[in-house]
Amino acid sequence: MENKKNIVLCGFMATGKSSVGKKLAEIMGLEFIDMDAVIEAEEGISIPQIFAERGEPAFRELESRMVERMMNRTGLVISTGGGTVVNLRNIANLKSCGVLVSLTANIPTILRRAGSGKERPLLHAEDREERVRELLLKRETFYSQADITIDTSSLTIEEVAREISNCITSIWK
Ligand code: S3P
C-alpha cells in the first residue's frame with residue numbers, strides 16, 4: 001500500500017462517501033473528485049436520467065471508463081458511486097492507483113441518510129428497506145475487498161475524515 005498517491009472511497013449509497021471525501025481532501029490537502037458528479041457534468045444529464053434513458057449497463061460503462069481515467073492521476077481523494085466496486089476489474093484498477101477505503105453504515109442509518117432517495121434510481125422501490133438489504137447482501141463481498149473499512153453509523157463526517165486521515169498518514173509515512 002506504500003507510495004500510493006490517491007485515496008479512493010467506496011461503499012454503499014448514503015454511507016457518506018461524497019461528504020467525507022470533501023472533508024478528507026481538505027484535511028489532507030488533496031484534490032477532491034466525485035465520480036458521479038463528473039459523469040453528470042460530462043454527460044450533461046443526471047444519473048437518474050442516464051438510468052432511465054440509457055439503462056444501468058450504459059451507466060456502468062461510463063463508470064468503468066471514469067475509473068480507467070483516474071488511474072493516471074495522483075493526489076486525489078476520489079469518491080466512487082455505490083456500485084463502482086461491484087466489478088472486480090474496477091476494484092483492481094482502483095487499488096492499483098490508491099488506498100481503497102470502504103465506508104459502511106447500518107440499514108436504519110442508510111435509510112435515514114438517503115432521505116427521499118429520489119436521486120438514487122436503485123432505491124426506487126416499494127419496500128426500500130428490503131431493497132437496501134438485498135443490495136447489501138449482493139455487494140458485501142465486493143466492499144469487503146477494501147484496504148480499510150470504517151463503520152460510519154455513529155460518527156460525524158469530520159470524525160470519519162479524521163479517522164481515514166490518521167490511517168492513511170500511518171500507511172504513507
Ligand atoms: C449507485 C449509487 C449512486 C450512483 C448510482 C448507482 C449504486 O451513488 O452511482 O445511482 O449502484 O449503488 P451514491 O453511492 O453516491 O449514492
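Colleague: What's the distance from an oxygen atom of the ligand to an N or O atom in the side chain of Arg-139?
Modeller: That one is 2.7 Å.

Colleague: And how much of the ligand does the protein bury?
Modeller: The protein covers 94% of the 390 Å² that the ligand exposes when taken alone. Those areas come from the Shrake-Rupley method with a 1.4 Å probe.

Colleague: Before I get carried away, what kind of model is this?
Modeller: A predicted one: local features need pLDDT of at least 70 and side-chain atom pairs count only at pLDDT 80 or more, while totals for chains, interfaces and linings use all residues. Residues are numbered from 1 along each chain as its sequence is written, and side-chain values use heavy atoms, with hydrogens and water left out.

Colleague: How far is Asp-36 from an oxygen atom of the ligand?
Modeller: A polar side-chain atom of Asp-36 sits 2.8 Å from a ligand oxygen. Asp-36 also turns up at the start of helix H2, residues 35–43, where its backbone nitrogen has a side-chain oxygen of Asp-34 within 3.2 Å. Helices here are DSSP runs (H or I, at least four residues), as are strands (E, at least two), numbered from the N terminus.

Colleague: What happens just after H2?
Modeller: Gly-44 takes a positive phi there, about 75°.

Colleague: Which residue has a positive phi although it is not a glycine?
Modeller: Ala-14, with a phi of about 65°. Most residues other than glycine have a negative phi. You'll find Ala-14 in the loop between E1 and helix H1 (17–28).

Colleague: Is Ala-14 buried or exposed?
Modeller: Buried, since its relative accessible area is 8%. The cut-offs are under 20% for buried and over 50% for exposed, with partly exposed in between (1.4 Å probe, protein chains only).

Colleague: Let's go to Gly-83. Where is it?
Modeller: Gly-83 is in the loop between strand E3 (76–79) and helix H5 (88–96). Gly-83 counts as buried because its relative accessible area is 8%. Its C-alpha is 8.2 Å from that of Arg-60, 23 residues away along the chain.

Colleague: And strand E1, where's Ile-7 in the picture?
Modeller: Ile-7 belongs to E1, which covers residues 6–11. Ile-7 has a relative accessible area of 0%, so it is buried. Cys-167 is 160 residues along the chain from Ile-7, with 11 Å between their C-alpha atoms.

Colleague: What about Cys-10, buried or exposed?
Modeller: Buried, because its relative accessible area is 1%. Cys-10 is in strand E1 too. From Cys-10 to Ala-41 it's 31 residues in sequence and 20 Å in space, C-alpha to C-alpha.

Colleague: Last one: which strand holds Leu-103?
Modeller: Strand E4, residues 98–104. Leu-103 is at 1% relative accessible area, so it is buried. Leu-9 is 94 residues from Leu-103 in sequence, yet their C-alpha atoms are 7.1 Å apart.

How values were computed
Polar contact = N/O pair within 3.5 Å; in protein donor to acceptor, adjacent residues only side chain to side chain.
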